[in-house]
Amino acid sequence: MTTSADARGTLDPALGAPAAAVWGDEAPIAAAAIALASRRISTASDPKATARPASELAAAAGQTITREGLPATEVLRIFEEVIAPATRAQDDPLNLAFIPAAPTRAALAFDAVVSSYNIFAVTWEAGAGAIFAENQALAWLVQLLGWPETAGGCFVSGGTIGNLSALVAARERARTRLGRHPRGQWRLACTAQAHSSVRAAARVLDAQVLTVEEDERGRLTAPALRRVLERAHDVFAVVASAGTTNAGVIDDLAAVADVCADLGLWLHVDGAYGGAGLASPSVRPAYSWIERADSFIVDPHKWLFAPYDCCALLYREPTEARAAHAQNASYLDAIDREVWNPWDYGVHLSRRARGLPFWFSLATHGTERYVAAIERTLATARAVARGIDRMPQLRLLMEPMLSVLLFDRPGWTDEDYHRWSVTLAHEGRILCVPTRWQGQTVLRLVFINPATEAERVLEVLADTTH
(Lines give C-alpha, C1' and ligand atoms only; values in the text may rest on other atoms or scores of the structure.)
Protein backbone atom coordinates (compact mmCIF):
# COMPACT_ATOMS: atom_id res chain seq x y z
CA MET A 1 0.00 0.00 0.00
CA THR A 2 1.36 3.40 -0.96
CA THR A 3 1.36 6.01 1.80
CA SER A 4 2.42 9.64 1.97
CA ALA A 5 5.06 8.84 4.58
CA ASP A 6 7.26 5.85 5.26
CA ALA A 7 8.11 4.32 8.64
CA ARG A 8 10.82 6.91 9.22
CA GLY A 9 8.38 9.78 8.78
CA THR A 10 9.92 11.10 5.54
CA LEU A 11 7.76 12.21 2.66
CA ASP A 12 7.09 9.76 -0.14
CA PRO A 13 9.06 11.03 -3.20
CA ALA A 14 6.33 9.69 -5.47
CA LEU A 15 3.72 11.95 -3.89
CA GLY A 16 2.43 14.31 -6.56
CA ALA A 17 4.60 12.70 -9.22
CA PRO A 18 2.54 14.09 -12.14
CA ALA A 19 3.30 17.60 -10.94
CA ALA A 20 7.02 16.89 -10.67
CA ALA A 21 7.45 17.69 -14.34
CA VAL A 22 6.59 21.30 -13.43
CA TRP A 23 7.78 21.73 -9.84
CA GLY A 24 10.39 19.02 -9.49
CA ASP A 25 10.57 16.80 -6.40
CA GLU A 26 9.18 18.95 -3.59
CA ALA A 27 9.43 16.29 -0.89
CA PRO A 28 12.77 17.55 0.50
CA ILE A 29 11.43 21.10 0.49
CA ALA A 30 8.37 20.09 2.48
CA ALA A 31 10.46 18.12 4.97
CA ALA A 32 12.82 21.05 5.53
CA ALA A 33 9.94 23.49 6.00
CA ILE A 34 8.23 21.19 8.49
CA ALA A 35 11.50 20.84 10.41
CA LEU A 36 11.76 24.64 10.60
CA ALA A 37 8.19 24.89 11.90
CA SER A 38 8.96 22.28 14.54
CA ARG A 39 12.07 24.17 15.69
CA ARG A 40 10.13 27.41 16.04
CA ILE A 41 7.22 25.86 17.94
CA SER A 42 9.59 24.31 20.48
CA THR A 43 11.85 27.37 20.89
CA ALA A 44 11.37 30.39 23.11
CA SER A 45 10.77 33.69 21.31
CA ASP A 46 13.15 36.63 21.18
CA PRO A 47 11.57 39.51 23.12
CA LYS A 48 13.55 42.30 21.43
CA ALA A 49 11.85 44.76 19.10
CA THR A 50 13.76 43.94 15.93
CA ALA A 51 12.08 45.77 13.05
CA ARG A 52 14.70 46.89 10.51
CA PRO A 53 14.63 49.41 7.65
CA ALA A 54 13.72 47.95 4.26
CA SER A 55 17.16 48.91 2.96
CA GLU A 56 18.85 46.74 5.61
CA LEU A 57 16.53 43.83 4.89
CA ALA A 58 17.20 44.14 1.17
CA ALA A 59 20.94 44.06 1.79
CA ALA A 60 20.69 41.02 4.06
CA ALA A 61 18.15 39.02 2.06
CA GLY A 62 19.07 40.02 -1.47
CA GLN A 63 16.70 39.53 -4.39
CA THR A 64 14.56 36.56 -3.50
CA ILE A 65 12.18 36.56 -6.48
CA THR A 66 14.06 35.47 -9.61
CA ARG A 67 13.31 33.80 -12.93
CA GLU A 68 15.11 30.58 -12.05
CA GLY A 69 14.25 30.40 -8.36
CA LEU A 70 16.62 29.88 -5.42
CA PRO A 71 17.46 26.62 -3.67
CA ALA A 72 14.86 25.92 -1.00
CA THR A 73 17.56 25.61 1.65
CA GLU A 74 18.70 29.14 0.84
CA VAL A 75 15.17 30.58 0.93
CA LEU A 76 14.53 28.88 4.28
CA ARG A 77 17.83 30.26 5.59
CA ILE A 78 16.84 33.78 4.53
CA PHE A 79 13.49 33.40 6.24
CA GLU A 80 14.94 31.97 9.47
CA GLU A 81 17.94 34.31 9.71
CA VAL A 82 16.69 37.55 8.12
CA ILE A 83 12.92 37.72 7.65
CA ALA A 84 11.58 36.16 10.87
CA PRO A 85 14.04 37.95 13.21
CA ALA A 86 12.79 41.27 11.83
CA THR A 87 9.29 40.62 13.19
CA ARG A 88 7.95 41.17 16.70
CA ALA A 89 7.49 38.14 18.94
CA GLN A 90 3.80 38.37 19.78
CA ASP A 91 3.94 35.42 22.16
CA ASP A 92 6.74 36.66 24.41
CA PRO A 93 5.64 36.79 28.09
CA LEU A 94 6.83 40.40 28.37
CA ASN A 95 5.09 41.61 25.23
CA LEU A 96 2.41 43.57 27.10
CA ALA A 97 1.47 46.13 24.44
CA PHE A 98 -1.53 46.45 22.13
CA ILE A 99 -3.25 43.03 22.34
CA PRO A 100 -0.55 40.41 21.72
CA ALA A 101 -1.09 36.68 21.17
CA ALA A 102 -0.11 33.67 23.24
CA PRO A 103 -1.09 30.58 21.24
CA THR A 104 -0.61 27.18 22.80
CA ARG A 105 2.05 24.98 21.19
CA ALA A 106 -0.74 22.60 20.27
CA ALA A 107 -2.56 25.33 18.35
CA LEU A 108 0.61 26.40 16.54
CA ALA A 109 1.42 22.84 15.53
CA PHE A 110 -2.10 22.16 14.32
CA ASP A 111 -2.12 25.38 12.32
CA ALA A 112 0.66 23.81 10.25
CA VAL A 113 -1.44 20.67 9.89
CA VAL A 114 -4.48 22.67 8.75
CA SER A 115 -2.40 24.45 6.12
CA SER A 116 -1.10 21.13 4.82
CA TYR A 117 -4.66 19.91 4.22
CA ASN A 118 -5.59 23.05 2.23
CA ILE A 119 -9.28 22.78 3.18
CA PHE A 120 -11.84 24.92 1.36
CA ALA A 121 -13.96 25.65 4.43
CA VAL A 122 -16.67 27.71 2.77
CA THR A 123 -19.39 25.16 2.00
CA TRP A 124 -20.48 22.05 3.82
CA GLU A 125 -20.06 20.07 0.61
CA ALA A 126 -16.35 20.94 0.42
CA GLY A 127 -15.40 21.16 4.09
CA ALA A 128 -18.02 19.32 6.16
CA GLY A 129 -15.55 17.75 8.59
CA ALA A 130 -13.68 20.97 9.24
CA ILE A 131 -16.89 22.99 9.60
CA PHE A 132 -18.29 20.38 11.99
CA ALA A 133 -15.21 20.70 14.21
CA GLU A 134 -15.23 24.50 14.04
CA ASN A 135 -18.89 24.49 15.00
CA GLN A 136 -18.11 22.46 18.12
CA ALA A 137 -15.68 25.18 19.20
CA LEU A 138 -18.28 27.83 18.40
CA ALA A 139 -20.85 25.89 20.43
CA TRP A 140 -18.68 26.28 23.54
CA LEU A 141 -18.71 30.05 23.02
CA VAL A 142 -22.47 29.97 22.50
CA GLN A 143 -22.82 28.20 25.86
CA LEU A 144 -20.70 30.88 27.53
CA LEU A 145 -22.99 33.53 26.04
CA GLY A 146 -26.09 31.77 27.35
CA TRP A 147 -27.63 31.69 23.88
CA PRO A 148 -29.86 28.88 22.54
CA GLU A 149 -28.25 25.91 20.80
CA THR A 150 -29.60 27.19 17.49
CA ALA A 151 -27.20 30.16 17.65
CA GLY A 152 -24.06 30.03 15.55
CA GLY A 153 -21.85 31.67 13.00
CA CYS A 154 -18.38 31.15 11.60
CA PHE A 155 -14.74 32.07 11.92
CA VAL A 156 -13.48 35.12 10.03
CA SER A 157 -10.05 36.73 9.86
CA GLY A 158 -10.31 39.20 12.73
CA GLY A 159 -12.42 41.66 14.67
CA THR A 160 -12.61 44.15 11.82
CA ILE A 161 -14.33 41.70 9.47
CA GLY A 162 -16.35 40.32 12.37
CA ASN A 163 -17.70 43.74 13.33
CA LEU A 164 -18.37 44.64 9.70
CA SER A 165 -20.20 41.37 9.01
CA ALA A 166 -22.40 41.72 12.11
CA LEU A 167 -23.28 45.31 11.23
CA VAL A 168 -24.15 44.31 7.66
CA ALA A 169 -26.65 41.84 9.12
CA ALA A 170 -27.98 44.51 11.48
CA ARG A 171 -28.47 46.99 8.64
CA GLU A 172 -30.21 44.37 6.49
CA ARG A 173 -32.69 43.63 9.28
CA ALA A 174 -33.38 47.33 9.74
CA ARG A 175 -33.82 47.84 6.00
CA THR A 176 -36.24 44.90 5.80
CA ARG A 177 -38.32 46.27 8.65
CA LEU A 178 -38.31 49.79 7.21
CA GLY A 179 -39.01 48.51 3.70
CA ARG A 180 -36.67 51.04 2.11
CA HIS A 181 -33.37 52.85 2.46
CA PRO A 182 -33.60 55.91 4.71
CA ARG A 183 -33.70 59.31 3.07
CA GLY A 184 -30.37 60.16 4.60
CA GLN A 185 -27.69 57.93 6.08
CA TRP A 186 -28.07 54.91 8.30
CA ARG A 187 -26.71 55.52 11.79
CA LEU A 188 -25.11 53.41 14.51
CA ALA A 189 -24.33 54.35 18.09
CA CYS A 190 -21.25 53.66 20.22
CA THR A 191 -18.81 55.47 22.51
CA ALA A 192 -15.45 56.90 21.56
CA GLN A 193 -13.92 53.91 23.38
CA ALA A 194 -15.36 51.48 20.81
CA HIS A 195 -12.71 49.86 18.65
CA SER A 196 -11.55 51.82 15.62
CA SER A 197 -12.86 49.02 13.37
CA VAL A 198 -16.43 50.05 14.24
CA ARG A 199 -15.89 53.44 12.62
CA ALA A 200 -14.11 51.75 9.73
CA ALA A 201 -17.16 49.52 9.25
CA ALA A 202 -19.41 52.59 9.33
CA ARG A 203 -17.39 54.14 6.50
CA VAL A 204 -17.74 50.97 4.42
CA LEU A 205 -21.49 50.97 5.12
CA ASP A 206 -21.77 54.72 4.45
CA ALA A 207 -23.29 55.07 7.89
CA GLN A 208 -22.98 57.90 10.39
CA VAL A 209 -21.55 57.17 13.83
CA LEU A 210 -23.45 58.67 16.74
CA THR A 211 -20.88 59.05 19.52
CA VAL A 212 -22.36 58.45 22.96
CA GLU A 213 -20.64 60.09 25.93
CA GLU A 214 -19.09 57.47 28.19
CA ASP A 215 -19.00 57.56 31.98
CA GLU A 216 -15.90 58.21 34.09
CA ARG A 217 -14.66 54.66 33.48
CA GLY A 218 -15.20 54.87 29.74
CA ARG A 219 -18.40 52.76 29.68
CA LEU A 220 -21.47 52.99 27.49
CA THR A 221 -24.46 53.52 29.79
CA ALA A 222 -28.21 53.54 29.24
CA PRO A 223 -28.99 57.18 30.19
CA ALA A 224 -26.37 58.58 27.78
CA LEU A 225 -27.48 56.19 25.04
CA ARG A 226 -31.14 57.17 25.42
CA ARG A 227 -30.27 60.87 25.19
CA VAL A 228 -28.52 60.32 21.87
CA LEU A 229 -31.19 58.03 20.44
CA GLU A 230 -34.00 60.43 21.39
CA ARG A 231 -32.51 62.97 18.97
CA ALA A 232 -31.69 60.49 16.19
CA HIS A 233 -33.53 58.50 13.56
CA ASP A 234 -32.65 55.68 11.17
CA VAL A 235 -30.38 54.05 13.77
CA PHE A 236 -29.88 50.39 12.86
CA ALA A 237 -27.50 49.18 15.59
CA VAL A 238 -25.84 49.89 18.91
CA VAL A 239 -22.29 48.61 19.42
CA ALA A 240 -21.29 47.80 22.99
CA SER A 241 -17.88 46.63 24.18
CA ALA A 242 -17.16 43.57 26.27
CA GLY A 243 -13.64 44.70 27.10
CA THR A 244 -12.43 47.85 25.35
CA THR A 245 -8.99 47.56 23.79
CA ASN A 246 -7.57 50.65 25.44
CA ALA A 247 -8.79 50.17 29.01
CA GLY A 248 -10.32 46.69 29.26
CA VAL A 249 -13.72 48.12 30.23
CA ILE A 250 -17.04 46.29 29.86
CA ASP A 251 -20.02 48.48 29.00
CA ASP A 252 -23.23 48.40 31.06
CA LEU A 253 -24.59 45.55 28.94
CA ALA A 254 -27.76 44.89 30.92
CA ALA A 255 -29.00 48.49 30.78
CA VAL A 256 -27.92 48.97 27.15
CA ALA A 257 -29.79 45.78 26.22
CA ASP A 258 -32.93 47.27 27.81
CA VAL A 259 -32.64 50.37 25.63
CA CYS A 260 -32.14 48.31 22.49
CA ALA A 261 -35.12 46.10 23.34
CA ASP A 262 -37.33 49.14 23.97
CA LEU A 263 -36.44 50.69 20.62
CA GLY A 264 -36.15 47.51 18.57
CA LEU A 265 -32.45 48.05 17.79
CA TRP A 266 -29.82 45.44 17.00
CA LEU A 267 -27.28 45.09 19.81
CA HIS A 268 -23.82 44.02 18.68
CA VAL A 269 -21.23 43.25 21.35
CA ASP A 270 -17.57 43.59 20.41
CA GLY A 271 -15.67 41.17 22.63
CA ALA A 272 -12.65 40.81 20.34
CA TYR A 273 -10.27 41.11 23.29
CA GLY A 274 -12.44 40.84 26.39
CA GLY A 275 -14.95 38.22 25.29
CA ALA A 276 -12.66 35.49 26.61
CA GLY A 277 -13.53 36.68 30.12
CA LEU A 278 -16.90 34.97 29.71
CA ALA A 279 -15.10 31.76 30.66
CA SER A 280 -13.79 33.26 33.90
CA PRO A 281 -15.88 32.76 37.06
CA SER A 282 -14.18 35.76 38.70
CA VAL A 283 -15.34 38.29 36.10
CA ARG A 284 -18.34 36.58 34.46
CA PRO A 285 -20.87 38.70 36.45
CA ALA A 286 -19.61 41.81 34.63
CA TYR A 287 -21.10 40.38 31.40
CA SER A 288 -24.60 40.17 32.87
CA TRP A 289 -27.35 40.03 30.21
CA ILE A 290 -24.95 39.62 27.31
CA GLU A 291 -27.29 36.82 26.23
CA ARG A 292 -29.66 39.53 24.96
CA ALA A 293 -27.18 40.65 22.29
CA ASP A 294 -28.02 39.94 18.66
CA SER A 295 -24.42 39.37 17.56
CA PHE A 296 -21.04 38.96 19.20
CA ILE A 297 -17.39 38.57 18.27
CA VAL A 298 -14.33 37.30 20.10
CA ASP A 299 -10.81 36.82 18.71
CA PRO A 300 -9.31 33.49 19.84
CA HIS A 301 -5.97 34.84 18.58
CA LYS A 302 -6.09 37.35 21.45
CA TRP A 303 -7.01 35.83 24.82
CA LEU A 304 -8.07 32.30 23.80
CA PHE A 305 -4.60 31.07 22.91
CA ALA A 306 -4.97 30.52 19.15
CA PRO A 307 -2.65 31.71 16.37
CA TYR A 308 -3.44 34.48 13.89
CA ASP A 309 -5.86 34.98 12.24
CA CYS A 310 -9.03 33.87 13.97
CA CYS A 311 -12.23 35.69 14.98
CA ALA A 312 -15.39 33.90 16.10
CA LEU A 313 -18.45 35.71 14.73
CA LEU A 314 -21.74 34.60 16.30
CA TYR A 315 -25.42 35.41 15.86
CA ARG A 316 -28.25 34.64 18.26
CA GLU A 317 -30.53 34.19 15.23
CA PRO A 318 -28.35 32.94 12.34
CA THR A 319 -31.23 33.20 9.85
CA GLU A 320 -30.88 36.99 10.03
CA ALA A 321 -27.22 36.71 9.05
CA ARG A 322 -28.03 34.41 6.13
CA ALA A 323 -30.56 36.93 4.86
CA ALA A 324 -27.79 39.52 4.67
CA HIS A 325 -24.80 37.47 3.52
CA ALA A 326 -25.98 34.59 1.33
CA GLN A 327 -24.44 34.88 -2.16
CA ASN A 328 -26.09 33.78 -5.38
CA ALA A 329 -24.52 33.04 -8.75
CA SER A 330 -25.01 30.45 -11.48
CA TYR A 331 -21.85 28.57 -10.49
CA LEU A 332 -23.18 28.37 -6.91
CA ASP A 333 -26.58 26.93 -7.79
CA ALA A 334 -25.54 23.36 -6.95
CA ILE A 335 -24.73 24.25 -3.33
CA ASP A 336 -27.07 22.81 -0.70
CA ARG A 337 -28.52 25.84 1.09
CA GLU A 338 -30.02 23.80 3.93
CA VAL A 339 -26.69 22.83 5.52
CA TRP A 340 -24.24 25.03 7.47
CA ASN A 341 -22.27 27.00 4.89
CA PRO A 342 -19.89 29.53 6.51
CA TRP A 343 -20.17 31.90 3.54
CA ASP A 344 -23.70 32.68 4.76
CA TYR A 345 -22.51 34.42 7.92
CA GLY A 346 -19.83 36.92 6.97
CA VAL A 347 -18.36 39.26 4.38
CA HIS A 348 -16.32 36.55 2.67
CA LEU A 349 -16.46 33.66 0.25
CA SER A 350 -13.15 31.79 0.04
CA ARG A 351 -12.01 30.84 3.53
CA ARG A 352 -9.46 28.56 5.13
CA ALA A 353 -10.48 26.51 8.16
CA ARG A 354 -8.99 29.13 10.46
CA GLY A 355 -10.97 27.92 13.48
CA LEU A 356 -9.38 24.45 13.52
CA PRO A 357 -6.19 25.36 15.46
CA PHE A 358 -8.44 26.82 18.20
CA TRP A 359 -10.66 23.73 18.08
CA PHE A 360 -7.64 21.39 18.34
CA SER A 361 -6.14 23.22 21.31
CA LEU A 362 -9.52 23.42 23.05
CA ALA A 363 -10.24 19.74 22.38
CA THR A 364 -6.73 18.69 23.49
CA HIS A 365 -6.42 20.77 26.64
CA GLY A 366 -10.08 20.89 27.67
CA THR A 367 -12.17 23.85 28.73
CA GLU A 368 -11.07 23.62 32.39
CA ARG A 369 -7.48 24.41 31.44
CA TYR A 370 -8.70 27.32 29.34
CA VAL A 371 -10.59 28.67 32.34
CA ALA A 372 -7.48 28.23 34.51
CA ALA A 373 -5.28 30.02 31.95
CA ILE A 374 -7.62 33.00 31.74
CA GLU A 375 -7.93 33.19 35.54
CA ARG A 376 -4.14 33.09 35.81
CA THR A 377 -3.73 36.12 33.54
CA LEU A 378 -6.38 37.99 35.53
CA ALA A 379 -4.55 37.18 38.75
CA THR A 380 -1.30 38.44 37.21
CA ALA A 381 -2.96 41.70 36.18
CA ARG A 382 -4.32 42.20 39.70
CA ALA A 383 -0.93 41.46 41.27
CA VAL A 384 0.81 43.96 39.00
CA ALA A 385 -1.89 46.54 39.77
CA ARG A 386 -1.26 46.09 43.52
CA GLY A 387 2.48 46.39 42.94
CA ILE A 388 2.13 49.59 40.91
CA ASP A 389 -0.10 51.04 43.62
CA ARG A 390 2.71 50.49 46.14
CA MET A 391 5.37 52.23 44.01
CA PRO A 392 5.66 55.90 45.07
CA GLN A 393 6.79 57.03 41.61
CA LEU A 394 3.83 55.43 39.77
CA ARG A 395 0.08 55.99 39.89
CA LEU A 396 -2.53 53.37 39.04
CA LEU A 397 -5.33 55.21 37.23
CA MET A 398 -8.13 52.74 37.94
CA GLU A 399 -8.62 49.22 39.17
CA PRO A 400 -8.57 46.74 36.29
CA MET A 401 -11.94 45.33 35.24
CA LEU A 402 -10.23 42.66 33.11
CA SER A 403 -6.52 42.35 32.32
CA VAL A 404 -5.62 45.84 31.05
CA LEU A 405 -3.80 48.24 33.39
CA LEU A 406 -3.53 52.00 32.92
CA PHE A 407 -0.99 53.90 35.00
CA ASP A 408 1.27 56.91 34.72
CA ARG A 409 4.54 58.34 35.96
CA PRO A 410 3.72 61.81 37.34
CA GLY A 411 6.23 64.37 36.09
CA TRP A 412 7.04 62.62 32.81
CA THR A 413 6.49 64.31 29.49
CA ASP A 414 5.30 62.65 26.28
CA GLU A 415 8.94 62.45 25.21
CA ASP A 416 9.88 60.71 28.48
CA TYR A 417 7.18 58.05 27.99
CA HIS A 418 8.17 57.31 24.41
CA ARG A 419 11.91 57.26 25.15
CA TRP A 420 11.35 54.82 28.02
CA SER A 421 9.15 52.57 25.87
CA VAL A 422 11.51 52.45 22.87
CA THR A 423 14.60 51.86 25.02
CA LEU A 424 13.11 48.89 26.87
CA ALA A 425 11.67 47.42 23.69
CA HIS A 426 15.06 47.42 21.98
CA GLU A 427 16.72 45.98 25.07
CA GLY A 428 14.13 43.20 25.12
CA ARG A 429 13.18 43.86 28.73
CA ILE A 430 9.49 44.67 28.24
CA LEU A 431 7.16 45.93 25.52
CA CYS A 432 4.90 48.62 27.01
CA VAL A 433 3.61 51.30 24.64
CA PRO A 434 2.13 54.64 25.76
CA THR A 435 -1.51 55.42 25.05
CA ARG A 436 -3.94 58.28 25.72
CA TRP A 437 -6.50 58.26 28.52
CA GLN A 438 -8.75 61.21 29.33
CA GLY A 439 -6.54 63.49 27.28
CA GLN A 440 -3.26 62.49 28.94
CA THR A 441 -0.36 60.28 27.89
CA VAL A 442 -0.21 57.20 30.12
CA LEU A 443 1.26 53.71 30.13
CA ARG A 444 -0.76 50.60 29.41
CA LEU A 445 -0.12 46.90 30.08
CA VAL A 446 -2.29 44.03 28.89
CA PHE A 447 -2.02 40.49 30.25
CA ILE A 448 -3.21 37.62 28.05
CA ASN A 449 -0.24 35.24 28.39
CA PRO A 450 -0.34 32.77 31.30
CA ALA A 451 3.47 32.60 31.14
CA THR A 452 3.81 36.24 32.22
CA GLU A 453 5.09 36.58 35.79
CA ALA A 454 4.00 39.56 37.88
CA GLU A 455 7.34 39.67 39.72
CA ARG A 456 9.31 40.14 36.49
CA VAL A 457 7.03 42.95 35.31
CA LEU A 458 7.20 44.78 38.64
CA GLU A 459 10.98 44.41 38.77
CA VAL A 460 11.34 46.12 35.39
CA LEU A 461 8.97 48.92 36.36
CA ALA A 462 10.70 49.49 39.68
CA ASP A 463 14.16 49.59 38.07
CA THR A 464 13.31 51.89 35.16
CA THR A 465 10.73 54.48 36.26
CA HIS A 466 12.60 56.38 39.01
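I started at strand E4 (residues 235–241) and found it joined to strand E5 (residues 266–270) by five bridges, the two running parallel. I took strands as DSSP runs of E, at least two residues long, and helices as runs of H or I, at least four, numbered from the N terminus. Two strands pair if DSSP finds at least two bridges between them. Opposite alanine 237 I found tryptophan 266 of E5.

The model is predicted: local features need pLDDT of at least 70, side-chain atom pairs count only at pLDDT 80 or more, and totals for chains, interfaces and linings use all residues. Residues are numbered from 1 along each chain as its sequence is written, and side-chain values use heavy atoms, leaving out hydrogens and water.

**First sheet.** I read the strand order as E1-E7-E6-E5-E4-E2-E3, an open sheet of seven strands with mixed pairing. Its edges are E1 (152–156) and E3 (207–212), each pairing on one side only.

I followed E5 to E6 through three bridges, and these strands run parallel. Valine 269 faces phenylalanine 296 in E6.

Which way do the side chains of E6 (residues 295–298) point? Ser295 and Ile297 point one way, Phe296 and Val298 the other, and all are buried. Buried means under 20% relative accessible area, exposed over 50%, partly exposed in between (1.4 Å probe, protein chains only).

I noted four strands in an open antiparallel sheet, ordered E8-E9-E11-E10. E8 (395–396) and E10 (434–437) are the edge strands. Four bridges join E10 to E11 (residues 440–446). Tryptophan 437 has glutamine 440 of E11 as its bridge partner.

**Salt bridges.** I counted 21 in the structure, each a side-chain nitrogen of Lys or Arg within 4 Å of a carboxyl oxygen of Asp or Glu.

I looked at aspartate 408 and arginine 395, whose closest N and O atoms are 2.5 Å apart. This pair links distant parts of the chain, strand E9 and strand E8, 13 residues apart. Aspartate 408 is buried at 8% relative accessible area; arginine 395 is partly exposed at 45%.

I then checked arginine 77 and glutamate 81, at 2.9 Å between closest N and O atoms. They sit four residues apart in helix H4 (residues 72–83), so about one helical turn separates them.

My last entry is a network of salt bridges linking Arg173, Asp294, Arg316 and Glu320.
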